[in-house]
Amino acid sequence: MKKVEPIKETIEKELEKQAGARRRTGLLRETALLRFLRIPHIRRVLEFVAETLFRGVSEQPIEPRTLGESASRAMLRAIGRELRHLQDCADEVADGPRQADTLEGAPLDPADRRLCEWAAEQRREIMRLAVRFERRVGPVPEPTDD
């Protein structure tokens with residue numbers, strides 16, 4: 001029975017990590033924070049501010065009247081926008097070989113070049129998924145004056 005307690009603690013710690021990651025990703029994208037890896041104190045400040053904002057807004061209900069559409073439709077529209085952001089990030093990675101080829105003395109490792117080619121394929125898949133989201137939710141509703 002001694003093994004049950006450490007496993008339970010391990011699972012709880014992992015769930016806490018995941019919950020923290022979900023809170024942070026509420027407002028900040030990891031792809032944006034990546035640019036602050038070498039400036040950890042600014043990254044921590046941004047994460048703190050984002051988490052504080054997220055906690056504050058998570059207490060507020062999503063009102064369909066203020067959205068101009070249902071909360072479900074607005075959330076799906078937001079997912080589509082997130083997919084477009086990911087598409088842009090994959091495009092940036094896919095562009096790596098071209099950028100490396102234009103720089104003198106900065107050849108791209110063959111394994112990284114293959115990763116960039118794979119990112120180009122993934123960009124197309126992400127784009128297809130984003131288009132499906134955009135078609136499914138339809139155009140952005142016009143604001144109404146109440």
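1. Start on the surface: V45, F48, V49 and L53 make up a nonpolar patch with about 400 Å² of accessible area together. V45 sits in helix α3, residues 40-58. (A patch takes residues with over 30% relative accessible area and no salt bridge, joining nonpolar side chains (Val, Leu, Ile, Met, Phe, Trp, Tyr) within 5 Å and like charges within 9 Å; accessible areas are Shrake-Rupley values with a 1.4 Å probe, and for residues only the protein chains shown count as cover.)

2. Keep in mind that this is a predicted model, where local features need pLDDT of at least 70 and side-chain atom pairs count only at pLDDT 80 or more, while totals for chains, interfaces and linings use all residues. Residues are numbered from 1 along each chain as its sequence is written, and side-chain values use heavy atoms, with hydrogens and water left out.

3. The overall picture is helical: the protein chain has 7 helices and 0 strands. (Both are DSSP runs numbered from the N terminus, helices being H or I with at least four residues and strands E with at least two.) Of the 146 residues, 16% are buried, which means under 20% relative accessible area, with exposed being over 50% and partly exposed in between (1.4 Å probe, protein chains only).

4. Helix α5 (71-94) deserves a look. Its 24 residues reach 34 Å from first C-alpha to last, close to the 34 Å expected at 1.5 Å a residue; that expected span is 1.5 Å times one less than the number of residues. Its buried residues include R77, L83 and C89, and the cover over the buried set includes α2 (30-33), α4, α6 (96-102) and α7 (110-137).

5. Now E69, in the loop between α4 (64-67) and α5. Its salt bridge to R77 has the closest N and O atoms 2.8 Å apart. (The rule wants a side-chain nitrogen of Lys or Arg within 4 Å of a carboxyl oxygen of Asp or Glu.) Both partners are buried, E69 at 12% relative accessible area and R77 at 9%. Leaving out residues up to four places away in sequence, E69 also touches P64, A74 and P141, a contact being heavy atoms within 4.5 Å.

6. The salt bridge count comes to 5. D91 pairs with R123 at 2.7 Å between the closest N and O atoms. D91 lies in α5 and R123 in α7, so this pair ties together parts that are 32 residues apart in sequence. E125 and R128 also form one, at 2.5 Å; they are 3 residues apart in α7, about one helical turn. Both are partly exposed, E125 at 43% and R128 at 44%.
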